[in-house]
Amino acid sequence: ENEALDMALGVGTSCCANRMSRTMVNANARAGIAGPRCGVAPSARRASTPRRARAAAAAVVGSPFPRGREGAAALPVRPIGARVGARPSFGRVATKAADQPSVSADSGDDGAMQERLVTGGFIALWYAVNVAFNLTNKSLFKHFPYPWTVSTVHVLVGTIYCALAYFAGAKNASFGRPVSKKEFGMIFAPASMHALGHIAANLSFAAVAISLTHTVKTLEPAFSAGLQWLLMGQATPLPVLLSLVPIISGVAMAVAGDLTFNVMGFAGAMISNLTFGLRAVLSKKTMGDLKDLSSTSLYAYTTLISLIICAPLALVVEGPSLAT
């Protein structure tokens with residue numbers, strides 16, 4: 001309070017200071033206190049000054065400091081060892097706080113880039129394995145022309161893999177969990193389309209050149225878009241539909257000029273497009289109904305149901321030929 005009183009008495013205009021000085025003298029005279037003597041310490045004089053006079057002196061107009069206890073001006077406290085005139089460290093704190101979002105944003109960008117790379121790697125792997133699969137199939141049909149039986153063997157191998165993974169403890173990489181009869185019936189619809197589409201594609205591979213089959217099968221997105229609108233009422237954006245026009249035109253040109261074209265191969269590829277389009281739409285609907293069943297588990301059950309469908313058909317169509 002003594003330091004605050006000194007600061008308060010040292011600010012303001014000269015007239016205010018004189019007026020306050022006369023006020024203090026008159027107050028001292030009424031209180032019977034002797035005036036200040038030469039050589040008396042300022043602290044002693046302040047100690048003898050009544051509180052009201054000191055409060056009035058602290059209320060000098062123009063004081064730059066906020067009011068403190070008992071009307072005294074509150075002074076800013078400077079930490080011990082701090083330099084006079086040093087800038088506060090709020091800027092540094094703000095700078096550090098501002099740097100934090102950039103770090104998290106950078107980590108988010110890295111995570112998004114890593115996800116794109118992983119997705120691109122899976123797409124490239126799928127194309128490579130698909131090319132090897134088709135080439136092996138085509139060479140196989142030259143020596144073993146039984147596409148129904150080959151289709152059954154394909155889904156049989158997939159079912160064996162899923163069963164081994166499930167019983168080995170890798171349930172997330174196979175069936176995931178047992179399903180009820182109702183859930184099995186829900187999966188049966190897209191699985192049956194998968195089985196029929198797989199057989200139709202192999203029939204086309206066995207009948208025509210593999211290039212023609214794949215060219216015709218590029219129409220599958222067009223079938224999916226149309227079936228999605230017919231069955232689920234979900235319209236495909238116009239830019240996406242326009243992007244399919246060059247594909248349709250290219251397929252028409254390729255089919256018209258292919259020397260290996262025949263009705264069996266073309267019909268098999270088109271049936272495969274239709275059934276795989278239905279599989280895509282029905283699988284999407286099934287995934288929406290079965291919330292706790294992953295896409296991997298759905299495909300595992302699809303493979304199992306496809307085996308149940310393909311095996312009897314192969315026995316009926318090609319069984320007698322294989323028996324002889």
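A residue counts as buried under 20% relative accessible area, as exposed over 50%, and as partly exposed in between. The model examined here is predicted. Ala311 has a relative accessible area of 25%, so this residue is partly exposed. Its place is in helix H12, which covers residues 295-323. Ala311 and Trp148 are 163 residues apart along the chain.

The overall fold is described next. The protein has twelve helices and zero strands. Read along the sequence, the pattern is α-α-α-α-α-α-α-α-α-α-α-α. The chain has 324 residues, and 28% of them count as buried. Contacts between residues at least 6 apart in sequence were also examined. Of these, 78% join residues at least 24 apart. The protein exposes about 20500 Å². Carbon and sulfur atoms supply 67% of that area.

Asn137 is found in helix H5, which spans residues 90-143. Its relative accessibility is 3%, and therefore Asn137 counts as buried. Two polar contacts involve its side chain. One, at 3.3 Å, is made with the side chain of His154. Another, at 3.2 Å, joins the side chains of Asn137 and Asn202. With neighbours within four places in sequence left aside, Asn137 is in contact with Val150, His154 and Asn202.

Val150 is also listed among the buried residues of helix H6. This helix runs over residues 147-167 and has 21 residues. From its first C-alpha to its last, H6 reaches 31 Å. That span is close to the 30 Å expected at 1.5 Å a residue. The buried residues of H6 include Pro147, Thr149, Ser151 and Thr152. Further along H6, Val155, Thr159, Cys162, Ala165 and Tyr166 are among the buried residues as well. Gly169 follows H6, and its phi is positive, near 105°.

Helix H9 covers residues 220-232 and has 13 residues. H9 reaches 17 Å from its first C-alpha to its last, close to the expected 18 Å. Its buried residues are Glu220, Ser224, Ala225 and Leu227. These buried residues pack against three helices: H8 (210-217), H10 (238-257) and H11 (263-289). H9 is followed by Gly233. The phi of Gly233 is positive, near 70°.

Conventions:
Residues are numbered from 1 along each chain as its sequence is written. This is a predicted model: local features need pLDDT of at least 70, side-chain atom pairs count only at pLDDT 80 or more; totals for chains, interfaces and linings use all residues. Side-chain values use heavy atoms; hydrogens and water are left out. Helices (H or I, at least four residues) and strands (E, at least two) are DSSP runs, numbered from the N terminus. The expected span of a helix is 1.5 Å times one less than its number of residues. Buried means under 20% relative accessible area, exposed over 50%, partly exposed in between (1.4 Å probe, protein chains only). Contact means heavy atoms within 4.5 Å. Accessible areas come from the Shrake-Rupley method with a 1.4 Å probe; for residues, only the protein chains shown count as cover. A polar contact is a pair of N or O atoms within 3.5 Å; within protein, one must be able to donate a hydrogen and the other to accept it, and residues adjacent in sequence count only if both atoms are side-chain atoms.
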